[in-house]
Amino acid sequence: FIGALRTARELGGGDFVTAALARELPALSDARKIRLMQTLAERGGDVAGPALLAEARDGTEEIRIAAVNALTRIAYTPAIELITQLACGEDAPLTDAARHALAYFPGEAGDAMLVAMLDEGRRHERRVAVELMGRGGLPDPTGILMDTAESDADEDVRLAALRALRDRAGVAEMPRLLAILRETGSEAELGGAEGALRAVVDRERRLGRAEIVIERALYGDVPDGVVANVTPKVISLVQSGESAITASNAHFGDPAPGTVKSLQIEYTVGETTLTRTVPENETLELAASAIPPAIVDAFCEAFERAKGDATPAAFALLRLMGATGSPTALEVVQTTAVEGDGELRQTAERLLCDWPTPDALPIVIEMARESSDARLRVLALRGAVRMLRESGAPPAERIEQLAVLMENAATPDEKRQVLSGLGLIPHVGALDMIFEQFAGEAVRTEAEQAAITIAERLG
């Protein structure tokens, strides 16, 4: 049997041989039927279609799945109606196979069936069509999905279109998605529109790599000891495609033997100037993603219209501005945290604590020091420690900021947060601060571990 299958794959003979093989299908066992259907699919041609279609109608589930796969490979268009019926069923393995077949059916017949299902089908069929379009059932389904999200009569279908748009929508679809966000009375649809818009932000962040311009790079006992100007070397690494630079003697030599060195780089991304510092043997990731200003401006303008009534859309737009990490969005969120009312203000405060860049650090430290809300103080302290770690500021500056946070840490948990930040700074100033916490029994274990970590790195 195996030898006959191999011969059938290699043998010419066109439709005459394929038809002879197809006539053998009904008499075979299920296991042999599946193997022969795979061979017929490899041979191609319509002549085996009727025999395969019969198996797809009446066989066991395993046989029907194999037949559907084979019919799709030979692009047998008379099978599309049956495949569509199976795709709208509830029998999970067979339904999954049929949906995959319909989504990727070769030629235009499968595309036409998906469009017909959306135009003429019942609610369940329309939802299935939308899901398959989202999986790649049409070459460019974005316009159809957007129309469906706006105007289909059924909310489930509209929600399915919004989910599919997470992988399809771009900047061009933002005005229509924002209109859904503002105008819908459905919490679920608002969440769907917000998810699609957030996906646009994430996609643009990955695609929109901004140019990095290195202004200055120093390696050694930064900032006050012996250092080497390694700007040309860092420029060369960036021009070769590197965005993660390791602070090591292998890259930059050893300008300050016997000391734990640091790499400090000052650079610009778009219109933003940044200074980052990392200790020896760690990697400095040069931030290079930039959200297009058009996206940020659209969110800010929509928020200005929605914030007066504190509508659900206003909260969604605040969250979307937070996802951009943009300096422009930060200004709007910071203003809302200072001047806003009630829950809108609280949402803005929480967003600042979770801000994805260190730009929010000054106001977050202020909240950790001054807020009368104990829960917000904890969130702000946690966010400040994270931002200090990511800021790349010189060790002395980070230690100074952490000292302020430690002074305002009222509970052992808050002190542990600060210790976690101190333990990452290989500097005697951080070690001295940690020693001061040895007297506190509640945090002694964490203080000892942080001290050991720093001591090992200092040698």
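Q: How many residues does helix 7 have, and how far does helix 7 reach from its first C-alpha to its last?
A: Helix 7 covers residues 92–103, so 12 residues, and reaches 16 Å, close to the 16 Å expected at 1.5 Å a residue. The expected span is 1.5 Å times one less than the number of residues. Helices here are DSSP runs of H or I with at least four residues, strands are runs of E with at least two, and both are numbered from the N terminus.

Q: What kind of model is this, and what goes into the values?
A: The model is predicted: local features need pLDDT of at least 70, side-chain atom pairs count only at pLDDT 80 or more, and totals for chains, interfaces and linings use all residues. Residues are numbered from 1 along each chain as its sequence is written, and side-chain values use heavy atoms, with hydrogens and water left out.

Q: Back to helix 7. Which of its residues are buried?
A: Leu 94, Thr 95, Ala 97, Ala 98, Arg 99, Ala 101, Leu 102 and Ala 103. Buried means under 20% relative accessible area, exposed over 50%, partly exposed in between, with a 1.4 Å probe and protein chains only.

Q: What do they pack against?
A: Helix 5 (61–73), helix 6 (80–87), helix 8 (109–120) and helix 9 (123–137).

Q: Where is Arg 64, and what does it touch?
A: Arg 64 is in helix 5. Not counting residues up to four places away in sequence, Arg 64 touches Glu 55, Ala 56, Arg 57, Gly 59, Leu 86 and Leu 94. Contact means heavy atoms within 4.5 Å.

Q: Which backbone oxygen does the Arg 64 side chain reach?
A: That of Ala 56, at 2.7 Å.

Q: New topic. Which residues line the largest cavity?
A: Val 385, Leu 388, Arg 389, Arg 398, Leu 402, Gly 421, Leu 424 and Ile 425. A cavity is a set of points on a 1 Å grid over the protein atoms alone where a 1.4 Å probe fits but cannot get out, and lining residues have an atom within 4 Å of a point.

Q: Which helix gives the most to that lining?
A: Helix 21, with three residues.

Q: And Glu 266: where is it, and what does it contact?
A: Glu 266 is in strand 4 (residues 262–269). Leaving aside neighbours within four places in sequence, Glu 266 is in contact with Val 213, Ile 214, Glu 215, Arg 216, Thr 273, Leu 274 and Thr 275.

Q: Why does Glu 266 count as partly exposed?
A: Because its relative accessibility is 27%.

Technical notes. Polar contact = N/O pair within 3.5 Å; in protein donor to acceptor, adjacent residues only side chain to side chain. 1 Å grid on protein atoms, 1.4 Å probe; cavity = no way out; pocket = protein on both sides within 12 Å on 5 of 7 lines; lining within 4 Å.
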